[in-house]
Amino acid sequence: MPELPEVEVVRRGLDAHVSGRVISAVEVLHPRAIRRHLPGAADFSARLSGQTMLAARRRGKYLWVDLDGPGTTDGEAMLAHLGMSGQMLVQPADAPDEKHLRVRITFADQGSELRFVDQRTFGGLALSDIVEVDGTRLPEPVAHIARDPMDPRFDPEAAVKALRSKRTEIKRALLDQTLVSGVGNIYADESLWRAKLHGLRRADKLTKVKAAELLTHATAVMNEALGQGGTSFDALYVNVNGQSGYFDRSLSAYGQEHKPCTRCGTVIVREPFMNRSSFSCPTCQPKPR
DNA sequence: CACTGGTCCTGGTGGC
DNA sequence: TGCCACCAGGACCAGT
């Protein structure tokens, strides 16, 4: 399940392996893989062909590659969201097609191919115009996404203020990509465990200090995951070269149901949350009444 | 307007 | 062994 650290690993891989290369052809094998691109898959393929891939960029869990093509005033980018199971693979042209290969991009240099593989098709690609928001160039569909904690211009005080402006539960606020981006279910549970907060606590009732502490933990846990190549739970997530991350061995709360809390020994519990699950320690993270 | 909760999708798993 | 319900979950969007 790619979250910010995993997407950053993929970004680095793309930057290393596809930047500067001229696209020769784009083959869309599953129309659903082209998202937010109203003119459709054929238009996506036609307009991408001939363009050169420039720098690979990221905000939160969104990933994009700047393009040199004509585009509009501010240019265009190939935007990607990996969803739950998306992978960007750089493969030799003669490698057999993956079972869930959705898009194949070939280059004029006739070297390796860039493949978008996605089992559950929650992810997708798009060709998007670039717009400028708060001094940063972003693909139009990313314009509403807040800066993530890895962003050099991330403003912790503004993020605390945004979180505390919500009358909803803190976990839901933490997952809201318009407040702080890059935090998904796994790192939300991990940072709540570190901050000793139950996810059902009201966001607007947290003190500034506690909210800031939570953000600091979120940043730290994602940095640690990045240092280890991202979290991985199964073969679904692999980085741009097909290698899995190993951070899952370091998780303290997420997926740890029935295991003792490493801090106090109480058994970690799983609770339903928004049609998914939350994991927490009942002792360290008491539920609000 | 702010907030809530349903929905999309597929493959692996576990119960019967 | 076969069938089926359930689960994973990010982001969008209709409904309250």
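**Terms and their grounds**

Modeller: Glu3 is found in the segment before helix 1 (4-17), where helices (H or I, at least four residues) and strands (E, at least two) are DSSP runs numbered from the N terminus. This is a predicted model, in which local features need pLDDT of at least 70 and side-chain atom pairs count only at pLDDT 80 or more, while totals for chains, interfaces and linings use all residues. Residues are numbered from 1 along each chain as its sequence is written, chains are lettered from A and ligands numbered from 1 in the order in which they are written, and side-chain values use heavy atoms, with hydrogens and water left out.

Colleague: Why is Glu3 called buried?

Modeller: Buried means under 20% relative accessible area, exposed over 50%, and partly exposed in between (1.4 Å probe, protein chains only). Glu3 has a relative accessible area of 4%, and is therefore buried.

Colleague: Why does Lys61 count as buried?

Modeller: Its relative accessibility is 16%, so Lys61 counts as buried. Lys61 is placed in the loop between strand 2 (53-59) and strand 3 (62-67).

Colleague: With which residues is Glu3 in contact, leaving aside its neighbours within four places in sequence?

Modeller: Contact means heavy atoms within 4.5 Å. With those neighbours left aside, the partners of Glu3 include Lys61, Gly182 and Tyr187.

Colleague: Which residues does the UniProt annotation "active site" cover?

Modeller: According to the unreviewed UniProt entry, that annotation covers Pro2, Glu3, Lys61 and Arg276. From this set, the lining of the largest pocket takes in Pro2, Glu3, Lys61 and Arg276. UniProt positions are given in the numbering used here, feature names are shortened, and annotations may be inferred rather than shown by experiment. On a 1 Å grid over the protein atoms alone, a pocket is an open set of points where a 1.4 Å probe fits, with protein on both sides within 12 Å along at least five of seven lines; lining residues have an atom within 4 Å of a point.

Colleague: What is the distance from a phosphate oxygen of DNA strand B to an N or O atom in the side chain of Arg32?

Modeller: For Arg32, that distance is 3.2 Å. A polar contact is a pair of N or O atoms within 3.5 Å. A polar backbone atom of Arg167 is 2.9 Å from a phosphate oxygen of DNA strand B.

Colleague: Why is Ser252 described as buried?

Modeller: Ser252 has a relative accessible area of 15%, and is therefore buried.

Definitions and conventions: A polar contact is a pair of N or O atoms within 3.5 Å; within protein, one must be able to donate a hydrogen and the other to accept it, and residues adjacent in sequence count only if both atoms are side-chain atoms.
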